[in-house]
Amino acid sequence: MRKIVIGLLTRVSGNVNANEVDGDRIRIKKLVSTSGEVYPFVSARAVKRGIREKLAEWGFEVDPFRIGEGNKLADSGDPIKYVDNDLFGYLYIKGNQQKPRQAPVSLSPVIAVEHTPIQIDFGGRFPKKVGSVNPTPFETEVADFIGLMKIVITERVGIFAENEKTDQVKKWDEYTKEGRITKQDNTYILPDEERIKRVSALLEILLNEGWAYPRRTNYFAMAEHISTIIYAGERLYPVWKASEEYQFKKELVPYQINEKKEFLETYELKKGLVPKKDIEKLATWLVSGVWKKG
């Protein structure tokens, strides 16, 4: 299966994706090693939320969610209409029926690459009238770290199996009659042009434009990328291991790349963007299997 494998080093400051509240303290999400080292992280769910907002700004329809079982918000399960149901998958539940779509786009959390001390930011809610009530103090755990995010995008973007069919918003056969998808045996496929458009937009947001993290009212933070490495081919390379001093380096990848069939490149994102021609080349290849010239 064709896939694009990406390692992304990015800087995170503050507490952009809080964990539970413990007494008066708002905890930061973190991992603790057996030797006591601390690695704060941002969940993949928080990153996806930021990317969904950017996709909506780009003009795509994103899932507004439906009221599901128990009056809880649930996935709409329409990957033809909603781009995020296509890219990030869904779990559609209705009664005893469950229809999952395995995401063609996999994202890891953004995890600190080295031990990072946690600092405390003291705050308080004070009465408008002096002496009316006592102030309410609170503490927020914060950190400044460089994190690594791992991303894999497969050629299944815009391809849907019969067992993923939900007919929640509109019956897929109606989409077929309208010409929005093509049915081949037990598979429904969006037009190549739409699939390339979705992959290109995702790559532009992931690598160049970035996103704003949640909790932005008091801790506004955007994705601040430092370096990225991109591999495209049939194999699942852990290319993110090829980093040194917070930079990815091609020469550290211990594999022989066939330049005619595969793609491997690094980019210093503090100095520039991933060129548009490279993003178009990757998106076109992922969908069609053909390398775009130029």
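I began with burial in helix 4 and noted as buried (under 20% relative accessible area, with exposed over 50% and partly exposed in between, 1.4 Å probe, protein chains only) the residues Arg195, Arg198, Val199, Ser200, Ala201, Leu202, Leu203, Glu204, Ile205, Leu206, Leu207 and Asn208. I recorded that the model is predicted, that local features need pLDDT of at least 70 and side-chain atom pairs 80 or more, and that totals for chains, interfaces and linings use all residues. Residues are numbered from 1 along each chain as its sequence is written, and side-chain values use heavy atoms, with hydrogens and water left out.

I took helices (H or I, at least four residues) and strands (E, at least two) as DSSP runs, numbered from the N terminus. Helix 4 covers residues 192-209, which is 18 residues, and spans 24 Å from first to last C-alpha, close to the expected 26 Å; that expectation is 1.5 Å times one less than the number of residues. Just after helix 4, I found Gly210 with a positive phi of about 80 degrees.

I then turned to strand 13. Two strands pair if DSSP finds at least two bridges between them. Strand 1 (residues 3-14) pairs antiparallel with strand 13 (residues 136-154) over 12 bridges, and Val12 has Phe145 as its bridge partner. Strand 3 (residues 25-28) pairs with strand 13 in the parallel sense over two bridges; here Ile26 stands opposite Thr140.

Strand 12 (residues 119-125) is joined to strand 13 by seven bridges, with Gly124 opposite Pro137. Strand 10 (residues 105-107) has three bridges to strand 13, and Leu107 faces Ile151 across the pairing.
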